[in-house]
Amino acid sequence: MHDSVSKDESPVTKSEELPISHTLAQEMTRHIQTALGKGFSFISYENIDEIRATLSPEAQKGGDGTFSCVGLIEWAAEESGYNSGQGFIRNDLESIPILDLPTISPFLLHSAMVGSRLVNSAKDWLIGLFD
């Protein structure tokens, strides 16, 4: 967790390590190394369509040549074949197609990895959605 949304570096205020198998970690590392230098995907706040486009699971997972932090982790897990290639977050939970609303976020990744119910309360879901 960082205390800033700016493009400048911000201090880490909280972190948590979640265990994964050594084999999965090695495979994910191999994929992440192929993405070195691809760049970070920043959110475009021009209009709602730009926000949706830059937050889409495809864009966050390198579709536009850049990655978000959560997108890189999820992409590497998918490329490694974890959960039948769906990664930590099931594909049907990465967005709400009817609303064209992306939901992939650090909150959702964390919830999927710790095995908790993905929606504990409306408040938690909204916090995660806007994470």
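Is Ser-105 buried or exposed? At 1% relative accessibility, Ser-105 counts as buried (buried means under 20% relative accessible area, exposed over 50%, partly exposed in between; 1.4 Å probe, protein chains only).

This is a predicted model, where local features need pLDDT of at least 70, side-chain atom pairs count only at pLDDT 80 or more, and totals for chains, interfaces and linings use all residues. Residues are numbered from 1 along each chain as its sequence is written, and side-chain values use heavy atoms, with hydrogens and water left out.

**View 1. Ser-105 sits in a loop.** The loop runs between strand S2 (101-102) and helix H6 (106-114). Helices (H or I, at least four residues) and strands (E, at least two) are DSSP runs, numbered from the N terminus. Leu-55 is 50 residues from Ser-105 in sequence, yet their C-alpha atoms are 8.9 Å apart.

**View 2. Arg-52 forms a salt bridge with Asp-49.** A salt bridge is a side-chain nitrogen of Lys or Arg within 4 Å of a carboxyl oxygen of Asp or Glu. Here the closest N and O atoms are 3.9 Å apart. Because the two residues are three apart in helix H2 (residues 48-55), about one helical turn separates them. Arg-52 is partly exposed at 26%, while Asp-49 is exposed at 52%.

**View 3. Lys-61 and Glu-94 meet in a salt bridge.** The N to O distance is 2.8 Å. The pair ties together parts that are 33 residues apart in sequence. Lys-61 is buried at 13%, and Glu-94 is buried at 4%. Glu-78 joins these two residues in a network of salt bridges.
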